[in-house]
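Biologist: I would like to learn how to read side-chain contacts in a model. Please take me through them one kind at a time.

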Amino acid sequence: MKKLHISLIIIMLSQFCQAQNSLDNEIYYRRPSLYSILISHTEQNEFATLIRGQFVNIPVPEKFNDHNLSVSVLTVDKKNAVNDTIAQDFVEKNHIASRMIAKWFNRDITTGKCNMDLIKHRGLYNATEFDKEVASKSVRGQAMLQDAGEDLINNTFLLINEVHYLDKSKISHVVGVSLAVLYAIAYFGATLAGSPPEKEPDLEGMYNLAATLKGFKVKIVTRLYQLEWDDDIANTFYSNYYCETPDAAKCQAFEQHRSDFKMKYIGKVTSKGNTTSYQGIKEEEPWMMVRKACQRAIDDNISDLQREYPIFRTRSPITEVSPVIKAPIGMKEGVEEGRQYEVLEAKEKNGKITYTRVGIVTPDPDMIWDNRFMAVEEEAEGADLGATSFMIVSGNGFYPGMLIREI
């Protein structure tokens with residue numbers, strides 16, 4: 001009962017946050033926030049259009065809060081035109097940092113009016129208690145604001161994904177032929193039934209598209225940035241720009257000082273450009289191959305960035321402890337045999353959350369969840385597990401709601 005009591009105090013901080021012991025129920029926990037942008041190269045012709053169209057359908061990974069802004073695609077004209085300096089210039093000239101901060105505070109661009117609703121929601125704070133403590137300017141209230149800054153706003157990231165289509169020396173014609181035949185049968189069948197389509201299908205075009213997309217390859221360079229937020233920045237924002245009622249002076253001041261807010265460049269990785277299997281792609285939807293190739297490459301890059309840069313590593317909840325420990329992460333997050341994960345217990349004191357390591361676990365090599373995009377459609381091994389099972393390396397007394405993070 002003591003551990004259950006601790007878990008409720010830690011995780012809840014809002015009446016709806018409770019530790020669950022079933023994969024069917026979500027455990028609420030603090031996630032970092034992510035904004036993802038595509039750099040599209042126009043010289044790739046129809047592939048640029050296909051890539052843009054499918055990129056906007058790629059969701060923010062479940063281990064992050066969606067912090068996307070209105071701009072999701074940046075188009076450039078020349079191949080290999082983007083480098084680290086150009087990417088940084090885009091971030092600075094478009095005041096990305098100030099826009100991400102404005103989203104955190106639900107800032108109204110016309111009046112400057114702000115609120116803490118998003119912070120309370122993502123931080124799992126009890127709304128009434130948060131408002132009361134912050135309004136009273138108590139030590140606890142200041143600790144809550146500092147906690148929100150350290151564990152929420154400071155953990156806001158930007159990914160700039162530069163996608164290049166990799167042409168292939170050999171193109172398989174098998175899929176193209178089967179797709180053309182499928183549409184031909186459907187067309188002539190409809191004609192014989194007395195309800196012909198308005199125009200004949202472009203069988204040659206369908207064949208060429210499907211044949212080209214079979215084994216579609218992309219190389220993606222992903223650049224990672226972190227929103228800068230510390231006590232000095234917070235004090236300046238709260239004193240000079242934050243207002244809960246319309247304030248023309250503070251509104252204008254924020255607009256004039258947007259460039260004072262910064263994104264810190266962390267690093268970059270490049271996907272391996274591996275061939276993606278056509279398995280699981282419906283013949284009538286060959287363009288899904290673009291989505292599959294891009295989404296898997298981006299997921300791989302996120303996993304590589306997390307391994308290389310600890311600040312970007314996410315925490316995931318333990319959802320079951322009996323008969324085995326389970327957590328809803330898998331191959332998409334880079335789970336592999338031999339990796340080790342620390343088990344963290346969250347504790348709240350005076351409005352701040354701290355995380356303490358209480359043990360170490362490692363994936364069961366026979367029970368690693370294949371949660372990559374379209375793994376179910378591929379009928380991939382492990383795609384039906386729903387979570388990865390872990391074996392205990394050290395520690396004990398684990399319970400649902402504890403968090404794990406790769407070491």
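**Reading the contacts**

Modeller: Start with glutamate 378, which is buried at a relative accessible area of 10%. Buried means under 20% relative accessible area, exposed over 50%, and partly exposed in between, with a 1.4 Å probe and protein chains only. The model is predicted, so local features need pLDDT of at least 70 and side-chain atom pairs pLDDT 80 or more, while totals for chains, interfaces and linings use all residues. Residues are numbered from 1 along each chain as its sequence is written, and side-chain values use heavy atoms, leaving out hydrogens and water.

Biologist: Which residues form salt bridges with glutamate 378?

Modeller: First the criterion: a salt bridge is a side-chain nitrogen of Lys or Arg within 4 Å of a carboxyl oxygen of Asp or Glu. Lysine 292 meets glutamate 378 with the closest N and O atoms 2.5 Å apart. This pair links distant parts of the chain: lysine 292 sits in helix 12 (residues 288–308), glutamate 378 in helix 13 (residues 375–378), 86 residues apart. Helices (H or I, at least four residues) and strands (E, at least two) are DSSP runs, numbered from the N terminus. Arginine 296 also forms a salt bridge with glutamate 378, at 3.0 Å from N to O. Here too the pair links distant parts, arginine 296 in helix 12 and glutamate 378 in helix 13, 82 residues apart.

Biologist: Are lysine 292 and arginine 296 buried or exposed?

Modeller: Lysine 292 is buried, with a relative accessible area of 0%. Arginine 296 is buried at 11%.

Biologist: How many salt bridges does a search of the whole structure find?

Modeller: The search finds 23. One of them joins glutamate 406 and arginine 307, with the closest N and O atoms 3.0 Å apart. Glutamate 406 is in strand 12 (residues 403–406) and arginine 307 in helix 12, so to speak distant parts of the chain, 99 residues apart. Glutamate 406 counts as buried at 14% relative accessibility. Salt bridges also link Arg30, Asp147, Asp151 and Arg315 in a network.

Biologist: What describes a pair of aromatic rings?

Modeller: The distance of the centres and the angle of the planes. Rings of Phe, Tyr and Trp (its six-membered ring) pair if their centres lie within 6.5 Å; planes under 30 degrees apart count as stacked, over 60 as edge-to-face and the rest as tilted. The whole structure has 19 aromatic pairs by this search. Tryptophan 229 and tyrosine 238 have ring centres 6.5 Å apart and planes at 85°, so they are edge-to-face. Tryptophan 229 is buried at 8%, whereas tyrosine 238 is partly exposed at 21%. Tyrosine 341 and phenylalanine 390 are edge-to-face as well, at 5.5 Å centre to centre and 75° between the planes.

Biologist: Why does the pair of tyrosine 341 and phenylalanine 390 tie together parts apart in sequence?

Modeller: Because tyrosine 341 lies in strand 9 (residues 341–349) and phenylalanine 390 in strand 11 (residues 388–394), the pair ties together parts 49 residues apart. Tyrosine 341 counts as buried at 3%, and phenylalanine 390 at 4%.

Biologist: Which rings are linked into a cluster?

Modeller: Ring pairs link Phe105, Trp229, Phe237, Tyr238, Tyr241, Tyr242, Phe254 and Phe261.

Biologist: Where does arginine 122 lie?

Modeller: Over the face of tryptophan 104, at 4.9 Å from the ring centre. A charge sits over a ring if NZ of Lys or CZ of Arg is within 6 Å of the ring centre and within 35 degrees of the ring normal. Likewise, arginine 31 lies over the face of tyrosine 29, at 4.3 Å.
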